[in-house]
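Keep the sequence and the model side by side for this walk.

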Amino acid sequence: MTSTEVRLKPGERVDDLVINNMKLIQHPDEFCFSLDAVLLAHFASLRLGGAAIDLGAGTGVIGLLLLARGAAAVTGVEINPDMVDMACRSAECNGLTNRLSIINGDLRRIKEFLPGGGFELVVSNPPYRPVGGGYISPNDRVAMARHELTASLADVVAAAKYLVKYRGRFAMVHLPERLAEITLAMCEAGIEPKRLQLVYPSVGKKPNMLLIEGVRGARPGIDVLPPLIVYTSDGSYSEDIMKLYRQDR
């Protein structure tokens, strides 16, 4: 892949995604991606050459990483127009405008601008906390990404149900404390949880993230994967995390 010239606006920066020399445009006043997005992009079951959609795409980082893993095309849905603009320019500078498209839209109104049942894989790194749960950032853009101000967990699952093909997959990263709520919402939507992995900041700590994937129309039965440890005792990334950044597909 050959990158083209990066077009930046005032205050923006370019971050190196390491994998395939991909670049990502971000702005410090907007919500910037973190490890959870990287983990989700590698956790999701992706068929080479398949089509995927990212709900709440932000700057498009998950879409870029799914393309690096072998997706034929990725569509992103993002409500923040400034994030959409950055994501589109990131696709341009990576030479991927024909494979990564970002729609400025509200996932709660998904039926108004996308047909149903068209995707093999739906992914989402949604706002983790309900309104009233924890500190809400005074920055409205950051607050939308962290709290369910514009889309609840139920809204995300409903949109995934509408978009995913029968026997297609829906993968999400979220908080362990909401596991019961997540599995209930997925089951009620006909998306049977099939894979679950808890993410621990380090050995001896409680998990602070979970990765879950369900299949629409599948039978009950979930595979609980080994725990994923992020940091070693000396504060460096674990071998499992380093493997993600050594991939070059």
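Tyrosine 237 is partly exposed, because its relative accessible area is 31%, which lies between the limits of 20% and 50%. The model is a predicted one. Tyrosine 237 has an aromatic partner in tyrosine 245. The two ring centres are 6.2 Å apart, and the planes make 15 degrees. That pair is stacked, because its angle falls under 30 degrees.

A search of the whole structure gives 2 aromatic pairs. Tyrosine 231 and tyrosine 237 make up a stacked pair too, with 5.3 Å between ring centres and 15 degrees between planes. Taken together, Tyr231, Tyr237 and Tyr245 form one aromatic cluster. How accessible is tyrosine 231? Its relative accessibility is 36%, so tyrosine 231 counts as partly exposed. Tyrosine 245 has 24% and is also classed as partly exposed.

Now look at serine 238. This residue sits in the loop between strand S11 (228–229) and helix H7 (239–246). Is serine 238 buried or exposed? Its relative accessible area is 8%, so serine 238 is buried; the cut-off is 20%. Leaving out residues up to four places away in sequence, serine 238 touches Ile229, Val230, Tyr231 and Thr232. One of these contacts, Tyr231, belongs to the aromatic cluster.

Helix H1 (residues 35–43) packs with H7. Their axes are 11 Å apart, at an angle of about 75 degrees. H1 is therefore roughly perpendicular to H7, a class that runs from 65 to 115 degrees. Which residues meet here? From H1 come Leu35, Val38, Leu39 and His42. From H7 come Ile241, Leu244 and Tyr245. The contact residues divide into 6 nonpolar, 1 polar and no charged.

A charge over a ring comes next. Arginine 195 lies over the face of phenylalanine 43. The distance from the ring centre is 4.1 Å.

Move on to glycine 168, in strand S7 (residues 164–174). Glycine 168 is buried, because its relative accessible area is 5%, under the limit of 20%. What does glycine 168 touch, beyond residues up to four places away in sequence? The contacts are Glu120, Gly214, Val215 and Arg216. Glycine 117 is 51 residues from glycine 168 along the chain, yet their C-alpha atoms are separated by 8.8 Å.

Two backbone angles deserve a check. Valine 18 is not a glycine, but has a positive phi of about 70 degrees. Valine 18 is in the loop between strand S1 (13–16) and strand S2 (23–26). Its relative accessibility is 43%, so valine 18 counts as partly exposed. Asparagine 21 lies in the loop between S1 and S2 too. Asparagine 21 has a positive phi of about 60 degrees, although it is not a glycine. With a relative accessible area of 54%, asparagine 21 is exposed, because the limit for that class is 50%.

Finally, step back to the whole chain. The chain has 7 helices and 11 strands. Of its 249 residues, 48% count as buried. Take the contacts with a separation of 6 or more: residues 24 or more positions apart account for 68% of them.

Key. Residues numbered from 1 in each chain as written. Predicted model: local features only at pLDDT ≥ 70, side-chain atom pairs only at ≥ 80, totals over all residues. Heavy atoms only, no water. Phe/Tyr/Trp six-rings, centres within 6.5 Å; stacked < 30°, edge-to-face > 60°. Buried < 20%, exposed > 50% of the residue type's maximum accessible area, 1.4 Å probe, protein only. Lys NZ or Arg CZ within 6 Å of the ring centre and 35° of its normal. Helix = DSSP H or I, 4+ residues; strand = E, 2+ residues; numbered from the N terminus. Contact = heavy atoms within 4.5 Å. Axes fitted to C-alpha atoms, helices over the stretch in contact; angles between N-to-C directions. Parallel < 35°, antiparallel > 145°, perpendicular 65-115°, else oblique. Nonpolar A, V, L, I, M, F, W, Y, C, P; charged D, E, K, R; others polar.
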